[in-house]
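Work through the exercises below with the structure at hand. Each task is followed by a solution in steps.

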Amino acid sequence: MGLREHKAVASSGDQAIRFLVALIGPTHFAFPAQWVCGIMTSVEAGSEGPVLWAHFSYEWTDLSGRLTIGLAATTAEARVVLYGNEQRSRAFVVHGVLGLVDAERTQVHPLPPQFRGGERDRLLGFLVEPGYVALIINPFWVLELPSRKEVLDTFQVSEPRSGRDEFMLRLSSTDREGTVSVSSSCVT
């Protein structure tokens, strides 16, 4: 399974942020892509202990449980996302990977005021794309690290990237292989 799409924005001078958009249950989530270190099938990840990949260990986290989203039936589209930075890494299941989206800051909307509780720790805002709305997840919350102010500033790039300057990771599946562009700034 390859990514279904990579959507770059036309740069108007604003700084862009690259997101990996994935499904957890029926909900679309956008993860800042600079900390995506890999995507693999459940079979490749295994079910015992941490996920070992490229000489790094990724502890499992039940992201759908932490988000209080009911478990969806596992399908062939389910993937394990390896997510991390220089401090911590996690592996979690998503029910589908839609693709990479480069979004300018003006396309990132804050949460509405009725979101007042713990969801403000978990979510940073949302993106509106044709066909879906993706909630932007707080990457520090995913990794169970202390959050900081202006989280998305950590992930801004000066302009949308072509993907040529980034590492290419293989996405395996039973029927074909694809590639995923991710930044070189994940776990070192």
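**Exercise 1.** Which residues does Tyr83 touch, not counting residues up to four places away in sequence?

*Solution.* The model is a predicted one. Start with the contacts: Tyr83 touches Phe31, Pro32, Trp35, Val36, Tyr58, Arg88, Ser89, Arg90, Phe92, Pro139, Val142 and Leu143, with residues up to four places away in sequence left out. Next, take the accessibility. Tyr83 has 0% relative accessibility, and the cut-off for buried is under 20%, so Tyr83 counts as buried.

**Exercise 2.** Find the residues that touch the most other members of the largest nonpolar core.

*Solution.* This core has 42 residues, and Phe19, Phe31, Leu63 and Tyr83 touch the most other members. Then ask where its members come from: strand 2 (residues 16-24) gives the most, with seven residues. Another core, of eight residues, lies apart from it; Cys37, Tyr58, Leu82 and Ala91 are among them. As background, nonpolar side chains in soluble globular proteins tend to be buried together.

**Exercise 3.** Classify the aromatic pair of Trp35 and Phe155, and state which parts it ties together.

*Solution.* The structure holds six aromatic pairs. In the pair of Trp35 and Phe155, the distance is 4.9 Å centre to centre and the angle between the planes is 75°, and the pair is edge-to-face. Now locate the two residues. Trp35 is in the loop between strand 3 (27-32) and strand 4 (36-40), while Phe155 is in the loop between helix 4 (139-142) and strand 13 (167-171), so the pair ties together parts 120 residues apart in sequence. Trp35 is buried at 7% relative accessibility, and Phe155 is buried with a relative accessible area of 1%.

**Exercise 4.** Classify the ring pair of Tyr83 and Phe92, and name the cluster that ring pairs form.

*Solution.* The ring centres of Tyr83 and Phe92 are 6.0 Å apart and their planes are at 65°, so this pair is edge-to-face. Phe92 counts as buried, at 0% relative accessibility. Ring pairs link Phe31, Trp35, Tyr83, Phe92, Phe140 and Phe155 into a cluster.

**Exercise 5.** Describe the surroundings of strand 11 (residues 123-129) and its strand partners.

*Solution.* Five of its seven residues are buried, so strand 11 is largely enclosed by the rest of the structure. On one side of the pairing, strand 10 (residues 108-109) runs antiparallel to strand 11, joined by two bridges; Val108 has Leu127 as its bridge partner. Strand 11 also pairs with strand 12 (residues 132-137), antiparallel, over six bridges. There Leu127 stands opposite Ala134. The hairpin of strand 11 and strand 12 has two residues between the strands, and Gly131 takes a positive phi near 100°.

Key. Residues numbered from 1 in each chain as written. Predicted model: local features only at pLDDT ≥ 70, side-chain atom pairs only at ≥ 80, totals over all residues. Heavy atoms only, no water. Buried < 20%, exposed > 50% of the residue type's maximum accessible area, 1.4 Å probe, protein only. Helix = DSSP H or I, 4+ residues; strand = E, 2+ residues; numbered from the N terminus. Pairing = 2+ DSSP bridges. Core = buried A, V, L, I, M, F, W, Y, C linked by side-chain atoms within 4.5 Å. Contact = heavy atoms within 4.5 Å. Phe/Tyr/Trp six-rings, centres within 6.5 Å; stacked < 30°, edge-to-face > 60°.
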